[in-house]
Amino acid sequence: MKPVAFEYCRPDTLEEALELLAEFGGDGTIISGGLSLGAMLNMRLVRPKALIDINGIEALADIKVGDATAQTGTLVRQAAAMRLPELMSGVPLLAKALPNVGHYQTRSRGTLGGSVAHADPSAEIPLTLVTLAGAVKLRSPRGEREVPAREFFHGVLTTDRRADEMVVGLTWPLRSARTGYAFEELAQRHGDFAITAAAVEATVGADGNIAALSLGLGGVEDRPYVADTASFVGRPATEETAAEIAAAAADAADPMVDLQANADYRRQLVRVLGARALTAAFAEAREKG
């Protein structure tokens with residue numbers, strides 16, 4: 001199948017891109033890597049009047065690693081991020097998640113910002129950003145705003161972005177002391193979207209107890225989210241505690257049902273993958289301590 005006819009626009013500057021978005025409103029669609037959008041266009045799941053290609057805007061491919069956060073432009077390719085040691089060591093959870101994103105060939109084209117803007121609930125990059133309590137930068141002719149990642153995703157392919165706004169960058173908190181990170185997922189084939197994924201950021205105190213914890217889950221509900229683990233802070237960072245946390249997260253989940261898995265299967269994956277990721281993160285935190 002072929003897409004419906006559309007107007008193709010390739011702006012040279014961010015200002016031009018925003019003007020086009022304002023002109024076309026909800027009938028204009030941004031394309032960066034195009035890996036998901038291309039298929040949706042061909043299947044006519046989306047029918048934009050205009051396709052706005054932002055690949056010529058070099059300023060959107062910047063990477064800046066500061067003292068507390070890393071800033072990545074929306075056009076940063078997944079492969080380029082993996083080749084930057086400063087970013088991978090500073091944001092280790094992203095380093096662990098990216099090898100699961102697509103394949104070597106697709107990562108050379110796919111972008112960090114495009115994955116977040118697309119908002120597939122099973123995608124690894126949005127899950128990582130949510131787990132780390134990162135943020136999404138949006139720009140429109142009215143100005144710029146930053147939305148916490150945990151508030152950005154509203155549902156399947158649905159976000160807080162307004163019709164005249166564009167995702168221009170992502171904010172990633174850098175590695176914390178005495179903190180371990182882990183990422184686990186199950187997919188039909190390596191590189192496919194996850195049926196279920198678990199991402200963990202865990203800080204373990206000198207006493208061996210959990211000081212801070214974030215357990216992110218993807219492919220479970222209609223958006224990536226962080227499980228409620230507050231009651232486990234202060235408990236020993238052990239394999240037994242990890243299993244209890246994962247079981248509690250599974251029981252509290254309201255999983256999606258699709259052709260890949262039913263709700264019970266996804267809950268079981270949360271128990272298994274969650275416990276595995278938590279145990280690995282606890283071990284890394286103790287090692288870093």
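Trainee: Let's start with Thr-171: is it buried or exposed?
Mentor: The cut-offs are on relative accessible area with a 1.4 Å probe and protein chains only: buried is under 20%, exposed is over 50%, and partly exposed is in between. Thr-171 has 9% relative accessibility, so it counts as buried.

Trainee: Before we go on, what kind of model is this?
Mentor: Local features need pLDDT of at least 70, side-chain atom pairs count only at pLDDT 80 or more, and totals for chains, interfaces and linings use all residues, since this is a predicted model. Residues are numbered from 1 along each chain as its sequence is written, and side-chain values use heavy atoms, with hydrogens and water left out.

Trainee: Which strand holds Thr-171?
Mentor: Helices (H or I, at least four residues) and strands (E, at least two) are DSSP runs, numbered from the N terminus. The run covering residues 166-173 includes Thr-171, and that one is β10.

Trainee: Which side chain makes a polar contact with the side chain of Thr-171?
Mentor: A polar contact is a pair of N or O atoms within 3.5 Å; within protein, one must be able to donate a hydrogen and the other to accept it, and residues adjacent in sequence count only if both atoms are side-chain atoms. Contact in general means heavy atoms within 4.5 Å, and Thr-171 touches residues including Thr-69, Ala-70, Gln-71 and Glu-146, leaving out those up to four places away in sequence. The polar contact, at 3.0 Å, is with Glu-146.

Trainee: How many bridges join β5 to β10?
Mentor: Two strands pair if DSSP finds at least two bridges between them. Here the strands run antiparallel, and Ala-70 has Trp-172 as its bridge partner in β10. The number of bridges joining β5 to β10 is 5.

Trainee: In β5, what is the bridge partner of Lys-64?
Mentor: Strand β4 (residues 63-65) pairs with β5 (residues 69-73) in the antiparallel sense over 3 bridges. A hairpin through 3 residues joins the two. For Lys-64, the bridge partner in β5 is Gln-71.

Trainee: There's an open sheet of 3 strands too; which strands stand at its edges?
Mentor: Its order is β1-β3-β2, with parallel pairing. One side of each edge strand is left without a neighbour in the sheet, because each has a single partner strand; the edges are β1 (7-9) and β2 (28-31).

Trainee: And in β3, what is the bridge partner of Gly-28?
Mentor: β2 and β3 (residues 50-53) run parallel and are joined by 4 bridges. In β3, Gly-28 is partnered by Ala-50.

Trainee: How many residues apart in sequence are the parts tied together by Lys-49 and Asp-27?
Mentor: A salt bridge is a side-chain nitrogen of Lys or Arg within 4 Å of a carboxyl oxygen of Asp or Glu, and these two side chains meet in one at 3.7 Å, N to O. Lys-49 lies in the loop between α2 (35-42) and β3, and Asp-27 in the loop between α1 (14-24) and β2, so the separation of the tied parts in residues is 22. As for accessibility, Lys-49 is exposed at 54%, whereas Asp-27 is partly exposed at 35%.

Trainee: What is the N to O distance in the salt bridge of Glu-165 and Arg-145?
Mentor: Glu-165 counts as buried, at 2% relative accessibility. A network of salt bridges links Arg-145, Asp-160, Arg-162 and Glu-165. For Glu-165 and Arg-145, the N to O distance is 2.6 Å.

Trainee: Why is the pair of Phe-152 and Phe-153 edge-to-face?
Mentor: Rings of Phe, Tyr and Trp (its six-membered ring) pair if their centres lie within 6.5 Å; planes under 30 degrees apart count as stacked, over 60 as edge-to-face and the rest as tilted. A search of the whole structure finds 1 aromatic pair. The ring centres of Phe-152 and Phe-153 are 5.1 Å apart, and the pair is edge-to-face because the planes are at 85°.

Trainee: Last one: which backbone oxygen lies 2.9 Å from a polar atom of the Thr-179 side chain?
Mentor: Thr-179 is in strand β11 and is buried, with a relative accessible area of 0%. The backbone oxygen of Ser-176 lies 3.4 Å from a polar atom of that side chain. The 2.9 Å one belongs to Ala-177.
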